[in-house]
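Hello,

Here is the structure I said I would pass on. Please look through it first; my notes follow below.

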Amino acid sequence: MTSLFEPVTAGALHLKNRIVMAPLTRNRSPNAVPTPLAITYYAQRATAGLLVTEATAISHQGQGYADVPGLYAPEQLAAWRRVTEAVHAAGGCIVTQLWHVGRVSHTELQLDGAAPVAPSAITAKTKTVLIHDGVPAFVDTSPPRALRLDELPGIVDDYRRAAKAAVDVAGFDGVELHGANGYLLDQFLKTGSNHRTDAYGGSIENRARLLLEATRAVVEAVGGGRVGIRLSPVTPANDIVDVDPQPLLEYVVRALAPMGLAYVHIIEGATGGPREIGDRPFDYAALKQAYRSAGGTGAWMVNNGYDRALADQAVNHGADLVAFGRPYIANPDLVHRLREGLPLATGDKTTWYGGGAKGYTDYPAVEEAAAAAS
Ligand code: 8OZ
């Protein structure tokens, strides 16, 4: 029996347990700069084997929501440096999630009010978040323009530059490419959003090209052992859909296998929703098998709706890491609570996105809660 609480190695990352804090968007970084509250927030959660930061934009063009952080300006990197130092001082390991939202954006968030960019000029039927006078509001995304072929190398360079700066300047232990949830790389992968007729559209090989080029660039920049990637084979998040996800995702993981990645992070089902969707179940075991058969040695990280029992079952069936998202909002000491079988606190949804300390850094660990009550 493998235990969730046993150490594990994921590439160059030596993790003290198999519990991962999943990336969680919190919209508390005005001007894309994390505030000192983020230092407390992540340090409070440093008992996780691995912390993955909230999705963090690799470029201004990659921004799609109000007050999400970035990795493309010196003040952003300096602010993240204080976060990574605090996490390391608390004995934690932390990677940042590299994000380009593609079409899931709004002209108000783009440089000079430009249109968001996408594989094809198809508007996502989804919402983004704008904050006016401190009040978050969900608004429709703006119609995107299709990226020109000659712009794609620049986007790959943005991934490379952000990864290098994240590790060398901001002090992260590694990076995770956000290849999931209907953002740019997923938009290229899937047929609903990619209608291109050039080398980046059409066949599976072509649709996977940008994701693989970006991953290779990031691996060259920081070493494969410090790189993870998040994929969501079937989530409908952000209006994303593919006609035939099984061969697409199996192709992707086979192509990732020789890159020596630290881990592959899979969202099973609908992000933050049901683990089973549609009438054709996705075969996650076959996906993992495709990766291993092609020589992939990275840790296999599973995510979505896990509790202690399901997580125990997953590690006993060969998952190396289990990521917990929403439970981490209100349970900074989630590892302790899972280990001891203690009840989990539920977070206040009204403070998920935007605001300050309330609903962010004010959730106590169980011991603190007990001390306050006595
Ligand atoms: C919730 C709100 C905004 C963004 C994702 C980065 O779904 C996100 C996200 C989640 O991956």
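**Pockets**

The largest pocket holds about 890 Å³ of space. This is a predicted model, in which local features need pLDDT of at least 70 and side-chain atom pairs count only at pLDDT 80 or more, while totals for chains, interfaces and linings use all residues. Residues are numbered from 1 along each chain as its sequence is written, and side-chain values use heavy atoms, with hydrogens and water left out.

Some terms are needed here. On a 1 Å grid over the protein atoms alone, a pocket is an open set of points where a 1.4 Å probe fits, with protein on both sides within 12 Å along at least five of seven lines; lining residues have an atom within 4 Å of a point. Grid points are joined across faces, edges and corners, and a volume is the space filled by probe spheres set on the points.

The lining of the largest pocket has 37 residues, and Asn181, Thr271, Gly272, Arg326 and Tyr353 lie nearest its centre. By class, 17 lining residues are nonpolar, 15 polar and five charged (Ala, Val, Leu, Ile, Met, Phe, Trp, Tyr, Cys and Pro count as nonpolar, Asp, Glu, Lys and Arg as charged, and the others, Gly among them, as polar). At least two lining residues come from each of β5 (94–99), β7 (127–132), β14 (321–324) and α9 (327–330); helices (H or I, at least four residues) and strands (E, at least two) are DSSP runs, numbered from the N terminus. β7 gives the largest share, three residues.

The second largest pocket has about 430 Å³ of space. It is lined by 17 residues, and Glu268, Arg275, Tyr284, Val302 and Tyr306 are the closest to its centre. Two or more lining residues come from each of α7 (284–293), β13 (299–303) and α8 (308–316). Ten residues of this lining are nonpolar, three polar and four charged.

**Helix α7**

Which residues of α7 are buried? They are Tyr284, Leu287, Lys288, Ala290 and Tyr291 (buried means under 20% relative accessible area, exposed over 50%, with a 1.4 Å probe and protein chains only). Seen down the axis of α7, these buried residues fall within an arc of 155 degrees, so they line one face of the helix; the arc is that of the directions from the helix axis to the C-beta atoms. Exposed Ala285 and Ser293 sit on the face turned away from the buried side of α7.

The cover over the buried residues of α7 includes α6 (245–256), β12 (263–267) and β13. Gly295 follows α7 and has a positive phi, near 95 degrees.

**Thr53**

Thr53 lies in strand β4 (residues 50–57). Is Thr53 buried or exposed? Its relative accessibility is 0%, so Thr53 counts as buried. Its side chain makes a polar contact with the side chain of Thr96 at 2.9 Å (a pair of N or O atoms within 3.5 Å; within protein, one must be able to donate a hydrogen and the other to accept it, and residues adjacent in sequence count only if both atoms are side-chain atoms). The side chain of Thr53 also reaches the backbone nitrogen of Gln97 at 3.2 Å.

Regards

Note on methods:
Contact means heavy atoms within 4.5 Å.
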